[in-house]
Amino acid sequence: MSMNRPAAAAALAAALCLLTAGCGSPSADKATDTTASATGYPVILDNCGVKETFAKAPSRVVVMNGASVAEVATLLALGLGDRIVANEQGYGMSEVPGRAAAIKKLPTGGVKLNDAYDIPREAMLGLRPDLVLSTTSYGFDQKNGFATRGQLKDVGANTYVSPRGCHQDTSGMTIADSYRLLRDMGKVFGVSDRAEKLIAASEKNIAAVTAKVKGEKKPKVMVLFSNMSMGGNDFSSVVAKGIYNDILAGAGGSNAFENASRTSFADLSKEKVAATDVDALVVIGYNDPNPAAYARKLLKEFPQWPAAKNDTYVTLSDSMYLGPSNDVAVRKIAGMLHPNDF
């Protein structure tokens, strides 16, 4: 993002405030589930039916894995990386320059993870957090060996489950949920101004892309994870519903397999995939060092696809999920689908 010299000086001062949380401005947002005094605190959130009261900005944050980078990326985007004492999230790649490296540098707390690659109860309590972030309610389920929200409250820690994570069903997730996560963290840490600027910039970027592709034919896109199995068929990591479809819509595309499942993912046979016209591929890399190789392999396997005939694919990672960078995914996909408009 470019800016003039006076604006750059103001931005530097604002960045220092974000890093120290010493000069947060009062929140003007009067959302029904968040309240705050004239000084910004206490902040009260109703999160998955649990009332969380923040007397001050958290300073010892633990970010659980949850196969996500939404939470850690959101904190980094808000300039709050120095508040993290243990982060278990990471995809090894990002569309945002420097983000993957910044995540890799964060402390992990030296925790021995459980079979779910996450933080077990005793280790969590030993980290002495004042805020624990979990992608879904799974991360606070006692039967999974995790510390419950009640147990964490007993030791002075607030907890937060990200949007759509209360019932572990992300099929209805949209880009608005990414904004909700940003907005909630902005309030909790007293940096609402920064959160609102990020949201406004994202909305502006997406609106500009959508305007360029308005009226264009919407290609049918197959969205799937590279080299990942989630079911019993050959293609069990194919996206059916969720935030992915909202991103595709903004980019002027449609999901070729949206009706293949009522849940987030479809578990498809090779025959079903072969019989579907696929105009383009979006391959999501999750700790895969070469998702492009997987995309090329698929195009070779299904030469009848228009996508194969035109070599139409793009690889993405964190911008395609819940998080602060959905506008990046919208722009990259739109550029693939409608190159003449960009």
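1. Which strands and helix make a right-handed β-α-β unit? The unit consists of β4, helix α2 (residues 70–77) and β5. A crossover is called right-handed if, with the strands pointing away from the viewer, the path from the first strand over the helix to the second runs clockwise. Helices (H or I, at least four residues) and strands (E, at least two) are DSSP runs, numbered from the N terminus.

2. On the basis of the model: it is predicted, with local features requiring pLDDT of at least 70 and side-chain atom pairs counting only at pLDDT 80 or more, while totals for chains, interfaces and linings use all residues. Residues are numbered from 1 along each chain as its sequence is written, and side-chain values use heavy atoms, with hydrogens and water left out.

3. On the sheet: β5-β4-β6-β7 is the order of an open sheet of 4 strands with parallel pairing, where two strands pair if DSSP finds at least two bridges between them. The edge strands, each pairing on one side only, are β5 and β7. From one strand to the next, the twist averages 15°; angles run from 0 to 180 degrees between N-to-C directions, and axes are lines fitted to C-alpha atoms, for helices over the stretch in contact.

4. On the strand pairings: strand β4 (residues 61–63) and strand β5 (residues 84–87) run parallel and are joined by 3 bridges. Within this pairing, V62 has A86 of β5 as its bridge partner. Strand β6 (residues 131–134) likewise runs parallel to β7, with 4 bridges between them, and L131 stands opposite N158 in β7.

5. On the helices against the sheet: α2 packs on the sheet and touches β4, β5 and β6 (contact means heavy atoms within 4.5 Å). The direction of α2 makes about 140° with that of β4. Helix α6 also packs on the sheet, where α6 touches β6 and β7, and its direction makes about 165° with that of β7.

6. On the disulfide: the structure holds 1 disulfide, a term that denotes a pair of cysteine sulfur atoms within 2.5 Å. C48 is joined to C166, with an S to S distance of 1.9 Å. Because C48 lies in the loop between β2 (43–47) and β3 (50–54), and C166 in the loop between β7 (158–161) and α6 (175–188), the pair ties together parts that are 118 residues apart in sequence. The torsion about the S-S bond is about -85°, so the disulfide is left-handed. C48, at 30% relative accessibility, counts as partly exposed, and C166 is also partly exposed at 30%; buried means under 20% relative accessible area, exposed over 50%, and partly exposed in between (1.4 Å probe, protein chains only).

7. On the aromatic rings: rings of Phe, Tyr and Trp (its six-membered ring) pair if their centres lie within 6.5 Å; planes under 30 degrees apart count as stacked, over 60 as edge-to-face and the rest as tilted. By this rule the model has 8 aromatic pairs. One of them, F225 with F265, is tilted, at 5.6 Å centre to centre and 55° between the planes. Since F225 lies in strand β8 (residues 220–225) and F265 in strand β11 (residues 265–268), the pair ties together parts that are 40 residues apart in sequence. F225 is buried at 4% relative accessibility, whereas F265 is partly exposed at 25%.
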